[in-house]
Amino acid sequence: MHTVAVLSLKGGVGKTTVALGIASAALRRGTRTLVVDLDPQGNATTSLDPPYTDATLADVLETPTRAMLERAIAPSVWSEDVDVLVGAEELELLNDPDADSDRLANFSRALDELHRTPLRETPYELVILDCPPSLGRLTKSALVAADSALIVTEPAMYAVAGATRALEAIEKIRKELNPDLRPIGVLVNKLRVRSYEHQFRIAELRENFGSLVMPTAITDRLAVQQAQGACSPIHEWHSPGAQEIALTFNMVLAKILRSNRAGRHRIAGEEPEGPDWPEGPAPETPEAPTEVSESAG
């Protein structure tokens, strides 16, 4: 069971979009997946539209038992192979920036319970943690529990600063609480491929973070919002823009599953997959200087 935290310490970069895109790719691949909605806004829960539960992640963080997990996890409207650990506004009350290490470990204990005694006969192969855009107890708990962390950014002025703060947070948690944690990459979202400004910002990210910046980016497409609004996986939204995005998420999922370690909560007998994917150049800047939003379906 590999657990990946999807995070950004800057709001509005499309972090939940990325978490859902990875879940959609996992569904298409046949990978049994749990999406954990740590963001008090609850956007992942809304898009996955699970049936009502009488407990939420807020209850699990306070009482990390299998019985509580059973009450807080439900199948998504997408498929029975994609479950949701339901988020709630009450999570904001738990987002203490100075939580002690014992409380930060509660979520990891909960995942240990899922690993030891799966809720169903088929255990989860992938757990996706959709973190809030802040470094309080919720994001720290996710990093303590995670095997890898994916940083989401956008090609904007403060992209480098936001990614730097996220990497610093990952390194701090790795040194103090979770020595197995590793950054898996920096993923650029909302790219307009014909924008010189966006190409400049990607080059800036590569200059600062090198091969950690993923060689593919998520383009700015209206299809993403359309699929989320319809509570549909992007892989099942039939438009050229959606299919382009879906292929990119397939590559992101492959990056996660081919990481050098398979995770602390690895299924018994499971071996790490092959070597990591090769890094590639940043998207080329086209000749035309016009800045056009890539928003057509």
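Author: Rolling a probe the size of a water molecule over the atoms shows where empty space is left. A cavity is a set of points, on a 1 Å grid over the protein atoms alone, where a 1.4 Å probe fits but cannot get out, and its lining residues have an atom within 4 Å of a point. The model here is predicted, so local features need pLDDT of at least 70 and side-chain atom pairs count only at pLDDT 80 or more, while totals for chains, interfaces and linings use all residues. Residues are numbered from 1 along each chain as its sequence is written, and side-chain values use heavy atoms, with hydrogens and water left out.

Reader: How many cavities of 30 Å³ or more are there, and what volume does the largest cavity have?

Author: A volume is the space filled by probe spheres set on the points, which are joined across faces, edges and corners. The count is 4 cavities of 30 Å³ or more, and the largest cavity has a volume of about 80 Å³.

Reader: Which residues line the largest cavity?

Author: Its lining includes Thr17, Leu20, Gly21, Ser24, Trp78, Val224 and Phe249. Helices (H or I, at least four residues) are DSSP runs, numbered from the N terminus; helix 1 (15–29) and helix 10 (222–229) each supply at least two lining residues, and helix 1 gives the most, with 4 residues.

Reader: What volume does the second largest cavity have, and which residues line that cavity?

Author: The second largest cavity has a volume of about 50 Å³, and among its lining residues are Lys10, Ile151, Glu154 and Tyr158.

Terms used. 1 Å grid on protein atoms, 1.4 Å probe; cavity = no way out; pocket = protein on both sides within 12 Å on 5 of 7 lines; lining within 4 Å.
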